[in-house]
Amino acid sequence: MKRIIILIMLLMPLTGMAHEIPIKQLFEKYLNKPGFTSVELSKEILQTNGVAGIDSMIALSTEDGSAIPTFTAEVTQHTAELKRIMSMVSDGKNVSIHSKSDSSGKLNYLVMFSHSDSSAVLIMLIGPDIKIEKAMSLIGKGKK
């Protein structure tokens, strides 16, 4: 019994990492890099603005032309595991939205990536039950 408890305690950090979405590591990687701007909104700020079901919103952007190709390649690699729910190409700007749901079908992650030769913006919403219409009002020009 003691061995089982020790084994469970040793494996607990691994189970936590299994639930972490790899694209969040990009935010941490580019957080303090020159040429990148980051913004994080907490659950409290989002709830104050009437947005329920979202625990945090993280945005990362750059207009550093030399960083955009590498950043775009990394985002593309990390979003490959997610379900693409929308993509658009217009006037040299590429926009894609990806999602990840839990086993019950509730939307837990929503990632929007917009990039061109002159800028790149990555936005991630994390929550237990993200409502797509509320999410779009945060990451797009939609209305609540």
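Predicted model: local features only at pLDDT ≥ 70, side-chain atom pairs only at ≥ 80, totals over all residues.
Residues are numbered from 1 along each chain as its sequence is written, and local features need pLDDT of at least 70, while side-chain atom pairs count only at pLDDT 80 or more and totals for chains, interfaces and linings use all residues. Side-chain values use heavy atoms, with hydrogens and water left out.

Six strands form an open sheet with antiparallel pairing, in the order β1-β2-β6-β5-β4-β3. Helices (H or I, at least four residues) and strands (E, at least two) are DSSP runs, numbered from the N terminus, and two strands pair if DSSP finds at least two bridges between them. The edges are held by β1 (36-42) and β3 (83-90); each has a single partner strand, so one side of each is left without a neighbour in the sheet. On average, neighbouring strands are turned by 10° against each other, direction ignored. Seven bridges join strand β5 (residues 107-115) to strand β6 (residues 120-126) in the antiparallel sense, and Tyr 109 has Ile 126 in β6 as its bridge partner.

Helix α4 packs on this sheet and touches β1, β2 (56-62), β4 (93-101), β5 and β6. Contact here means heavy atoms within 4.5 Å. The direction of α4 makes about 150° with that of β5, where axes are lines fitted to C-alpha atoms, for helices over the stretch in contact, and angles run from 0 to 180 degrees between N-to-C directions. Two residues of α4 show its surroundings. Ile 68 lies in this helix and is buried, with a relative accessible area of 4%; buried means under 20% relative accessible area, exposed over 50% and partly exposed in between (1.4 Å probe, protein chains only). Neighbours within four places in sequence aside, the contacts of Ile 68 include Thr 62, Ser 116 and Ala 120. His 78, also placed in α4, counts as buried at 18% relative accessibility, and its contacts beyond four places in sequence are Pro 22, Ile 23, Gln 25 and Leu 26.

What lies between such elements? In soluble globular proteins, nonpolar side chains tend to be buried together. A nonpolar core is a set of buried Ala, Val, Leu, Ile, Met, Phe, Trp, Tyr and Cys residues joined through side-chain atoms within 4.5 Å. The largest core has 19 residues, and Ile 23, Phe 71, Val 75, Leu 122 and Met 124 have the most contacts inside it. Two or more residues come from each of α2, β2, α4, β5 and β6, with β6 giving the most, four residues. A second, separate core of 14 residues includes Leu 46, Ile 54, Leu 110 and Ile 123.

Finally, the whole structure holds four aromatic pairs. Rings of Phe, Tyr and Trp (its six-membered ring) pair if their centres lie within 6.5 Å; planes under 30 degrees apart count as stacked, over 60 as edge-to-face and the rest as tilted. Tyr 30 and Phe 36 have ring centres 4.6 Å apart and planes at 40°, so this pair is tilted. Tyr 30 and Phe 71, with centres 5.0 Å apart and planes at 75°, are therefore edge-to-face. This second pair links distant parts of the chain, as Tyr 30 in helix α2 (residues 24-30) and Phe 71 in helix α4 (residues 68-79) are 41 residues apart. Tyr 30 is buried at 4% relative accessibility, and Phe 71 at 0%. Ring pairs link Tyr 30, Phe 36, Phe 71 and Phe 113 into a cluster.
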